[in-house]
Amino acid sequence: MGQMGQGHPASTLAMHGVTGASQARLGWYLLVVSLVVVVVVCLLLGASAWRARRRRAAAEERELVHPGGSGLAWVMVGGIIVPAIVLTATFVFTVATLHANAAPWRPPAATIRVVGHQWWWEVHYVGGSPAAEVVTANEIHVPVGEPVRLVLSSDDVIHSFWVPEIAGKMDLIPGKTNETWIAARDTGAYEGECGEYCGVQHSHMHLRLIAEPPDRFAAWLAAQRRPAATGTAPSAGAQAFFSAGCASCHTIRGTRAGGRVGPDLTHLMSRRTIAGGTLENTRGNLAAWVTDAQGLKPGARMPTLAVQPDQFQQLLGYLETLR
Amino acid sequence: MAVVPATIETAPVERLRRIWETPPGLRGTLTTVDHKTIGKRYLVTAFIFLLVGGVEASIMRAQLAHSGLRLVSPGVYDQLFTLHGITMIFWYAAPILSGFSNYIWPLLMGSRDMAYPRVNALSYWTFLASGIFLYTSPFLGQAPNAGWFAYPPFTLTTYDPGLNMDFYALGLLFLTVSTTVGAINFIGTVTKMRAPGMSVNRMPIFMYGTMTTSFSVLFALPSLSVACVFLFLERRFGFPFFDPANGGQPLLWQHLFWILGHPWVYIVVLPAMGIVSEVIPVFSRRPLVAHSLVALSTVATGIIGFGVWVHHMFATGLPALSMSFFSGASVLITIPSGIAVFAWIATMWTGRPRFQTPMLFATGFIALFVIGGVSGVVTAAVPYDLQVTDTYFVVAHLHYVLIGINLFGVLTGFYYWFPKITGRMLDERLGKWNFWVAFIGFNIGFFPMHIAGVLGMPRRIYTYPAGMGWDTINLITTIGSYIFAIGILLFVVNVIVSLRRGAPAGPNPWDAGTLEWATPSPPPPYNFAVIPTVRSSYPLWEDRLPPSGETARGEERSSVFRGPVLDDKRETLGTSPLEADTMSVLRMPEDSPWPFLLTVALALVFYGAVFGVWWLAIAGAAGVLATLAGWFWPRSLEGGAVA
């Protein structure tokens, strides 16, 4: 309980995203070429040392060598011609990849606005009308095989949106809106991280990207659009929620909780993680997070709440209704 | 003026010593302008900063040895990586090379001092004082904590309210004084102080390295100074430079910072490449292959280095066209490095390399240079850079650059010139242990970081969850970096032991060909009893190389042990910038208290500013004016012009 994060491997050489795959192909090329260059140079260094061992016996140790040639051919071939060819190829590959990733192959299926916060991700699914807009946090659902437009900005400091297995980074910069697109090739849940140092809890600013079939994505989106399923009767749990002050930071659509400081909790229980994508969303972790946020994530904006034990159970019970 | 030719036997060395020697005692310590003393101080001080930065790194490596450790708090960890970064990059890597240049340059070019000896003293004192200023902050628990490139708005008071980033902004600004005046001194020295006949095509590559970086400093550093002034003004007085809420622009900082930041990479490697270009020919027993091409590629690197800064910003949302341009420049800059690498390999291949410790380090340097170079090309390729930027791949890359291409070059220089500086040899046996432990430890420690980055581990995280596949890699990295640290400690042990018990070196223990080895070890205060005249790149090898070779193709020969004495006052020869024809006898300044006093006054300004004690800052500023007036106050000088 309270264990930080159930990490998932997130290789930059995975090919689960369209742009990520093209980046990974370039990456493989670069890594292989690099390895060859390093091995060749090390072999040359070793060979010249080995040659010297044989020649030393023949000559007086300290005498200067009177070389036959100037050695210029080495520099011309190894230092100029071969690098020029390899580097030109690298540059062409780079520009071609850059060009291929400039725009998606068809209009994006959805537009997702992501706002960076210290240290969590606010996620908006832009709809036709303000009422159709969905707000969630730290979890992004996309339809597999479809390009999705990302509109990135920040509410405080610079962050960087990064789901390694899907695509490279794009910064979230306050005062600036960056646009990019991503497309998942395979269904699955992918680990995302903040890629730019953003303060004491930069380490715990994760997100989960869920790529699912278009029909399941549509169903998820429709469910997210609905207000909270809490019923109208004010329960003891809801009272605990308000009396503990949760509503001053969190929104629950359909109730009077309208805080904008922390994540929207309307469908909290539909999400797989809490605490900026760093804890699995289990009852135990939820309890730990509510009672000891500062112990788990020192410096986070979430305060450590002093809630009476009986109230606490009601509060947890209430949160668990937010499906 | 006594411009009578003499030989080193007939020169009045006792008189020269009296003229040039700094008297012992506190006054001499604070007033000396001897480039050798200043050089040694630079070397020792910068090396201490290396050790301090190393301790910071060791704590971080302990914290990262396993997932979920809580050895230090997140806030302390942030201060550690920031302090580690700026210490190593600004207070170790460049100053240690200035140390070598200060000590070696006049000897290498056949001169008696740097062009501006008092400025040289000022450069050291401000370096030391800015370092003390920076290291005041951890004792207050408020060390810089936003990474060495300190992106706003995080660095503004809204998000980072302590004095942490004030120490950063003012500390760097203070250091800028040192670096700038140092660069001016190197440029003045290289253009005016070379021995007669040391034309640009005969200049050692080490001089090209430091000369190029000095020009880079002059053009790049104002950008950092401006950025730091802006940052301090915004933090302390609310000027709206970077905060978008007030109409500022966060990316302004990034451009200003990296316009300095990337040339700085070449500033901390080109002189080290120069050191290696001196050492490899000596131990390969032949002149450097393609001397002119290596010289040109050194200068070219410095110039192209100004066209690559945006490759640090590929993820900030730039147009594809401008990214292609900066990517192209970043790929292009590899060519001059390729030339240098193959010139070194060709020198070894066509020579007869002896692998004494300096050569071992130089060879290791080449291998690490290539690894750090190719990983640089990886980050120049925009699409894949978007993946690896700000990950441990970049951490690996920059350590292969800063340790591989700087520290291994620096250790090469120490093993090579220690006999010249101290008169004693470093121990060969310990030296070989030093090399192998450091080289193997470094690669065990830092190569796996590439893999951690490729597997998606971001930099600047104080901990990481289990199950990401990073645990084993990080444990190996921690173990390797500790082995590397033992290697560095072996060097310290070697220095301490050899200072007392090292074998006497004699003037030229390596049988090298350049001028510094024509002086006794350690060199006397006046360096050369007679000013040499130079006709080739390797004056001491001239008689033993075939006249058809690159060297000694003219009918004239170098004259190392016979030349003018110049013993009226502190005097040396001034020569022309390209051909190094004799132009004048330069009267060099005497020891002076002003550089030290000016530094004390500057320190008051910076301490006053950081703590907001404005009367202290104003008093310091008045002190600056007063010391400058004292420094420039006209004095009568009997005999000769003022240098």
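Predicted model: local features only at pLDDT ≥ 70, side-chain atom pairs only at ≥ 80, totals over all residues.
## Extent of the interface

Chain A and chain B bury about 7,500 Å² between them. Carbon and sulfur atoms account for 68% of that area. The contact draws on 91 residues of chain A and 90 residues of chain B.

On the chain A side, A:Arg62, A:Leu64 and A:Tyr197 lose the most area to chain B. Together they make up 10% of what that side buries.

## Contacts and contributing elements

Several elements of chain A each supply at least two residues to the side that touches chain B: helices H1 (18–58), H2 (72–100) and H5 (283–296), and strands S7 (167–172) and S9 (188–194). H1(A) gives the most, with 20 residues.

By class, this side of chain A has 45 nonpolar, 31 polar and 15 charged residues.

## The second largest pocket

The second largest pocket has a volume of about 810 Å³. Its lining holds 36 residues. Nearest its centre lie B:Ala57, B:His84, B:Met88, B:His399 and B:Phe446.

Five helices of chain B give two or more residues to this lining: H3 (35–63), H4 (74–108), H15 (392–422), H16 (428–454) and H17 (471–501). The lining residues divide into 26 nonpolar, seven polar and three charged.

Notes. Residues numbered from 1 in each chain as written. Chains lettered and ligands numbered in written order. Heavy atoms only, no water. 1 Å grid on protein atoms, 1.4 Å probe; cavity = no way out; pocket = protein on both sides within 12 Å on 5 of 7 lines; lining within 4 Å. Points joined across faces, edges and corners; volume = space filled by probe spheres on them. Helix = DSSP H or I, 4+ residues; strand = E, 2+ residues; numbered from the N terminus. Nonpolar A, V, L, I, M, F, W, Y, C, P; charged D, E, K, R; others polar. Contact = heavy atoms within 4.5 Å. Buried area = accessible area lost by both parts, 1.4 Å probe.
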